[in-house]
Amino acid sequence: MKKNFKETSKTGARVWLFQRISAIILFVLLILHFVTYHFINKGIIKYTDIMEKMKSPWFNLIQFIFLLTAVYHGFNGIWMMVEDYVHPKLMRIVLFGIIVIIAFCLLFIGMLTIFKVSNL
Amino acid sequence: MKVEEAKYYHQVDTVVVGAGLAGLRAALELARNNQAVGVITKVYPTRSHSGGAQGGIAASLANVAEDSPELHMFDTVKGSDYLGDQDVIELFVNEAIKTIYEFEHMGVPFSRTEDGKINQRPFGGHSSPRACFSADITGHVLLHTLYEQCLKYNVHFFNEYQVFSLLIKDDISRGVVAWDIRNGGLHIFHSKTVLLATGGYGRAFKITSNSFANSGDSLGLILENKLPLEDMEFVQFHPTGLYKHGILLSEAARGEGAYITNDKGERFMKNYAPEKMELAPRDVVSRAEQTEINNGRGINGQEYVYLDLRHLGAKKIMERLPQVQELALKYIKTDCTLEPVPIQPTAHYSMGGVPANIKTEVLKNGNGDIIKGLYTAGEASCLSLHGANRLGTNSLQGAATFGRIAGKSMSEFVKSNAYESLPSNPLEVANGKISSLVEGSGKEKHASLREELQKNMTKFLGVFRNEKDMLTMKQKIKELQDRYKKVIIDDKGKIYNLDLIEAFELGNLLVFSEVLIEGSLARKESRGAHYRTDFPERDDENWLKHTMAWKTETGVKLDHSKKVIIYWDRYPPQERKY
Amino acid sequence: MAKQKIKLKILRYTPEKQKKPYWSTYQLEVDQDSTVLDVLNEIHWNIDGSLSYRRSCRSAICGSCALKVNGQNILACETPIHKFKGKKLKIEPLPGFPIIKDLVVDMDNFFEKLRQIKPFLILKKPLPDKEFTQSPEQFSEIRESILCILCGACTSSCPSLWSNKDYLGPASLLKAYRFIFDSRDDGAMERIDMINDRNGIWRCHTIFNCMEACPKNINITEYISKLKVKIVENSI
């Protein structure tokens, strides 16, 4: 009758903590994003303004952190949902692979945009 | 569903029947000593009614005021109206302190004093604040802690099994037969020792604080085995039952200072117990309440009086009495911080039960002969620790302390005795009961019989009793017993058949109720919780003795030769005034 | 007492007879201030004796009668029917647990999970002659958590449990809190090791269903969050 419910992976605490930290970073950066893009100049954004901003390496660094945390936070969340609902081991491995591939693709496209534009 | 062979046969040194405070404490004692023990319980252990106890558990720790075991003993003896056996009480008050510290070391979360000790509050009939408590959920935390300790020591539980018969032959207990409620089927438990810890018999009454499970099952089984019950006439009525529901509002409310008032708004206890007022023992307060109600001074002439907590203030109520507040609010939509709560006496505790000696061995007669291997503790037992009336908070203590003692006694017995052979047809009795309920040709419903029994017991054998009423009830119980033979149940299935369990329980209620009635009729005096309007005085000359009662073919056989054990030099009977 | 006619639906299931649970409709007359348990008793005693359910104390302390009524997990004994005013009652067993019969569910796993978090004081210090000292402030840390009656309403309401039967569930985690935050206990690390698991505390996504379901109004989610912080402090 005795049953062991343990799954024995001890990474939960770290994942939980990183998810909270990334949430806070996202929150701050999101506010920053709204302020710079939508409130300065009464919210009128011109293509050239953005291009001007993107010449600064600091601005791009922040953009990069934003991208990284957003992708991590989003896909970590999706992974938790998979853990909630998908129980067969093989299925989990396959889904994990797909999630990682999509995440890296998005990261790559995002980085491409940031660095290509700044090199123009 | 057909009569069948036993589905399983279990051999285990000790079987504990009932998983309340007494049963679990005994099981824990055995498990700690590496003894094999199986606990059979008809509800999950944490559902046991010990959890319903609210106010506290008595021990003379003297944490908040001066106190001593001697004083505790005096209060208990006086509370019992001198019917308690004083050797038992002496052992009890001395062991009580150890029991509490043990509980604390197990992790029971007690409420604390400012300097970090176990806090204690006043309680009815106790002359010093002696009730160790955890808010007003003391029984609940004790029960849960004991269950958790049993998990720690890997006690094996048979959850949701109903014992249907005891296997006793030649005055030796050989085990029990139990019905697996969840899956159906009878199981034989072959054991060296059996502990009966099935709780009280308050379910014989309509207005009761007892849970559905308190149907006095082992009492019915004892009578069926031609063994006696002791002092069954003593049923405690708790003064603060929630009006109509009967569920308990803790005595802790009065311990913390609540008033009881009548229609005129006066604290009528001043006319009955001028010194202790609301903190007089339960039998005294219940009689006072009933007298007020009978004389038309119930609120608006109705069958209730008020429990008034308002002057305690919302803060104290929420901190010390959260459950009282919650129950009144949820069940009768009364916020006790703003309004008084309607209350009435409710059948609460059974002083009588399965007779046992100080080692918790079950007695065969009034001479002290025992049934080998059979033990009892807790409310099911009559040791007699509580005599004619129990003091509040002595019940949890009694169950725990004598549960532990029972564990110890059984542990010794198991070591020096071998298994006795089972009777030749161990399932016969249990199968007979099941088949008569499932395949009978009658048309009676157990529900209507139970309703009639409970209504009449509350009416005729309540707080005040007299011969005429009791004779009426005697007739009634005969009629109900006859009708019980024709009871048939709707549910013929095996899996979780609640119908079968309820019908079986009713059988027990009807058998021991007859003994209760006969015992009350015979006792021509008023003592403790047993009050007769036709014999309103206590009669020490003729009645300072216990009642032993057997059920025979022709009716109930009574024997009053068992004397009360009294230390005449130290605690001689006195007038009982509060 | 004024009587009232009510109509209700109960999810019935007898494994010996049916493959799947089915809804059964009942019509009866009850007192206006009846509780859900009174209604079930009335049906069981006077209409259909084969209806099975659990109940014991009637005063909301034993935890036997947790059920789902109109989508909410409640204790049948303390919930008056007028709480669901104007609506037809729909009574079903606690979700998330296997049904044994009618409204009775199998709670063995629930209690087994409780066993796993080591629900007893773990002491590494010698026992004192009398009691351990514990200040009222230290006691108040666990005061609310000891109210838990193990009725299962919280664990049954948790979506994380619905999708993952191995999740420890809020009741066990609350019990872990009760011991880890007991000033007398020395076993926090052992228990943390148990609950710091993918199927342990980290399946809690702070959904708050448990708090809403708790008949004792315990702030379960808050205590689980305190545990999470404690684990992070200990393991990083």
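## Exercises on two interfaces of a predicted model

The area buried between domain 1 of chain C and domain 2 of chain C is about 960 Å², buried area being the accessible area (1.4 Å probe) that two parts lose on being put together, summed over both. Carbon and sulfur atoms give 60% of this area.

This is a predicted model, in which local features need pLDDT of at least 70 and side-chain atom pairs count only at pLDDT 80 or more, while totals for chains, interfaces and linings use all residues. Residues are numbered from 1 along each chain as its sequence is written, chains are lettered from A in the order in which they are written, and side-chain values use heavy atoms, without hydrogens and water.

**Exercise 1.** Describe the interface of domain 1 of chain C and domain 2 of chain C.

Step 1. Locate the parts. Domain 1 covers 3-105 of chain C and domain 2 covers 108-235; the bounds come from an automatic or database domain assignment. Their centres, taken over C-alpha atoms, are 29 Å apart.

Step 2. Find the residues. In contact (heavy atoms within 4.5 Å) are 12 residues of domain 1 of chain C and 15 residues of domain 2 of chain C. On the domain 1 side, Asn73(C), Gly96(C) and Phe97(C) lose the most area to domain 2, together 44% of what that side buries.

Step 3. Look for salt bridges (a side-chain nitrogen of Lys or Arg within 4 Å of a carboxyl oxygen of Asp or Glu). Between these two domains of chain C the count is zero.

**Exercise 2.** Describe the interface of chain B and chain C.

Step 1. Start with its extent. Chain B has 68 residues in contact with 67 residues of chain C, and the buried area is about 5,600 Å², with 52% from carbon and sulfur atoms. Arg47(B), His105(B) and Phe212(B) supply 14% of the area that chain B buries against chain C, more than any other three residues.

Step 2. Count the salt bridges. The rule finds nine between chain B and chain C. Lys330(B) and Glu78(C) meet through their side chains in a salt bridge, at 3.1 Å from N to O.

**Exercise 3.** Which helix of chain A has the highest confidence, and which the lowest?

Step 1. Take the average. Chain A has a mean pLDDT of 85, and 88% of its residues score at least 70; pLDDT is the predictor's confidence in each residue, from 0 to 100.

Step 2. Compare the elements. Helices (H or I, at least four residues) are DSSP runs numbered from the N terminus. Confidence in chain A is highest in helix 3 (residues 57-85), at a mean of 91, and lowest in helix 2 (residues 47-53), at 78.

Conventions. Helix = DSSP H or I, 4+ residues; strand = E, 2+ residues; numbered from the N terminus.
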